[in-house]
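Here are a few exercises to work through with the model open beside you. Take them in order, and try each task before reading its solution.

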Amino acid sequence: MDKISFSDIGEHVVDEIIDTVETPIALLGGDGVILRFNRACEMLTGFSQSEALGRKVWDFLIIEEEIEAVRQVFAMTCAKDLPTHYTNYWKTKSGKRRLLSWSNKTLRDDSGAVAAVLATALDITELRSAESDLTESQAFLRSIVDASPVAVVTINDRAQILSFSRQAETTFGYRETHVLGKNVKILMPEPDRARHDDYIDRFLETGEKRIIGRARRVKAMRSTGEVFPALLHVTEFTDGERVFVGFVEDLSEKEETERRLSDTQFQLQHAGRVGAMGEIATSIAHELNQPLTAAASLAGAVSLTLKKAQCDRCDDAIILLDDVVSEIKRASEIIHQMREFVRKRKTTKSLHDVNKIVEDAAALAIIGADADGVEVKWDLSEDVGKVSLDRIQIQQVVTNLIRNAIDAMHEAPQRILTISTRKRAREIEVSIADTGPGLNKDLKKTLFEPFVSSKKEGIGVGLSISKTIIDAHQGEIDAADLESGGCVFTFNLPAGNDESVGDNP
Ligand SMILES: Nc1ncnc2c1ncn2[C@@H]1O[C@H](COP(=O)(O)OP(=O)(O)OP(=O)(O)O)[C@@H](O)[C@H]1O
Ligand SMILES: [Mg+2]
């Protein structure tokens, strides 16, 4: 087919084409005056061709801050014949901004003078805003990942680290810039370090999911070489390439706390048993002493009577009775020694942070009790500081008081346990308040004596052990009803900081 030239179909066809295309096209004179303004330009700006023709483009279409730059580009376009590409804003009749990517070409007349500049544009407003939305949403995602208390590490299917969250930097001790692109196995100790590439290869070959989708306890390694326990959760997604996201929770502190709590729990239980035994022994000694002394005197009196009577076979009875007296004395002596032994229980003092001791003991008391529905309010004063005390014994006191408070609130409609510490002039004070029924009137005066209990299964030694311990610390313990209902048990300890080893009184 023969080629059709524009002259065959008329000049107006060119006009038609220019007005039909959706590309904004403008023809500018060498001084920037608009000579043509196609329909797409009209649609884009809201200005009609008749409004635009004859005006310089920078007099009404270019935004203030870009006028100078646009004029320079325009001058450059006129000076050289090379097409120029440039991106700038046009403002519309209604005041909106459109971002346009321009391709400019200089047209010259036969004498070589600039006849016009042909400018065609691509409207990239939406494209740029989509790009910036994407950048914003990536930044948003990153800020969520960085706020996560768990370390987040992403890798590709060659195990190269793609991102390393802020918590990952803290947990592992590497800066993100140092680990990007490195093999993730640097975060693992042996033997996983040597095997990790095989794990990934096997997963990619077989799709066998050993770790993906379930949390697993693993050993991880910090930049210092320290190996620590961690909980690892891996998920997988595809973002052009396959990406694995690892969430790593550092368990070392948690395990250390658990270990410390369980050690303390064991020591407390042990001390509790020893304390209860001591208290029981003291009481038994006290109770038995009197009847034993009476029995010894009675047997002595019978022996004396028999000696006076001087009857036949009395001598045998007298010998037997003397044996009875000496056996009773031996029993008294054993009981006396037992009491002495209990009294001599050592109180080993050293400096301890009172708030920490109270917190640890409370954690144990609450774990060990049926404390469902009990709300715990803390009111620990910062200035309490360290005090010289026997940690196990004081924790035993706090545990006893909290257990009692929880027991007392069993049936209460409101169950609030308030644990407070205060610094007074020369002592520190710890109090445990509850919202139970308050103190039993009949027991009020004897609360701190052994075997006083209003509970079906209580032995009634908790408070008497507590008093013995607080006495040994030269402190005081007391209880009071609260006006609001419930009661408060308070003990204090001298605020001095001498470290000494003392005996129970
Ligand atoms: N917070 C409290 N509110 C009301 N009464 C209390 C409270 N704490 C203690 N009591 C009373 O004091 C009694 C003695 O308490 P104590 O701790 O010595 O023994 P217990 O708790 O009965 O038994 P256990 O030997 O198992 O501790 C309790 O039985 C209870 O009647
Ligand atoms: Mg008790």
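Before we start, a word on element names: helices (H or I, at least four residues) and strands (E, at least two) are DSSP runs, numbered from the N terminus. Please keep in mind that this is a predicted model.

**Exercise 1. The enclosed space**

Task: Find how many cavities of 30 Å³ or more the whole structure holds, and describe the lining of the largest cavity by class.

Solution:
- Step 1. Searching the whole structure gives one cavity of 30 Å³ or more.
- Step 2. The largest cavity holds about 170 Å³ of space.
- Step 3. Its lining includes Leu-28, Phe-74, Trp-90 and Trp-102. At least two lining residues come from each of α6 (67-79), β3 (84-91) and β4 (97-108).
- Step 4. Sorted by class, the lining of the largest cavity has 10 nonpolar residues, two polar ones and no charged ones. Asn-88 and Asn-104 are among the lining residues, and Asn counts as polar.

**Exercise 2. The largest pocket**

Task: Work out which element gives the largest share of the lining of the largest pocket.

Solution:
- Step 1. The largest pocket has a volume of about 1400 Å³, and 44 residues line it.
- Step 2. Two or more lining residues come from each of α11 (252-309), α13 (354-368), α14, α15 and β18.
- Step 3. The largest share belongs to α14, with 10 residues.
- Step 4. Nearest the centre of the pocket lie Asn-400, Arg-403, Asn-404, Asp-407 and Lys-455.
- Step 5. By class, the pocket lining comprises 19 nonpolar, 17 polar and eight charged residues.

**Exercise 3. The ligand and its shell**

Task: Say where ligand 1 sits, and list side chains that have an N or O atom within 3.5 Å of an N or O atom of the ligand.

Solution:
- Step 1. Ligand 1 sits in the largest pocket.
- Step 2. α14 (391-408), α15 (462-472) and β18 (487-494) are the elements that give two or more residues to its shell. The largest share, three residues, is from α14.
- Step 3. There are 19 residues around ligand 1, and Asn-404, Asp-434, Ser-453, Ser-454 and Lys-455 come nearest.
- Step 4. Now the distances. An oxygen atom of ligand 1 lies 2.5 Å from a side-chain N or O atom of Ser-454. For Asn-404, a ligand oxygen atom is 2.8 Å from a side-chain N or O atom. For Asp-434, a ligand nitrogen atom is 2.8 Å from such an atom.
- Step 5. Ligand 1 taken alone exposes 590 Å², and the protein buries 89% of that.
- Step 6. The shell has 10 nonpolar, seven polar and two charged residues.

How values were computed. Residues numbered from 1 in each chain as written. Chains lettered and ligands numbered in written order. Predicted model: local features only at pLDDT ≥ 70, side-chain atom pairs only at ≥ 80, totals over all residues. Heavy atoms only, no water. Near = heavy atom within 4 Å. Polar contact = N/O pair within 3.5 Å; in protein donor to acceptor, adjacent residues only side chain to side chain. Areas by Shrake-Rupley, 256 points an atom, 1.4 Å probe, with all protein chains shown as cover. 1 Å grid on protein atoms, 1.4 Å probe; cavity = no way out; pocket = protein on both sides within 12 Å on 5 of 7 lines; lining within 4 Å. Sits in = over half its atoms within 2 Å of the grid points. Points joined across faces, edges and corners; volume = space filled by probe spheres on them.
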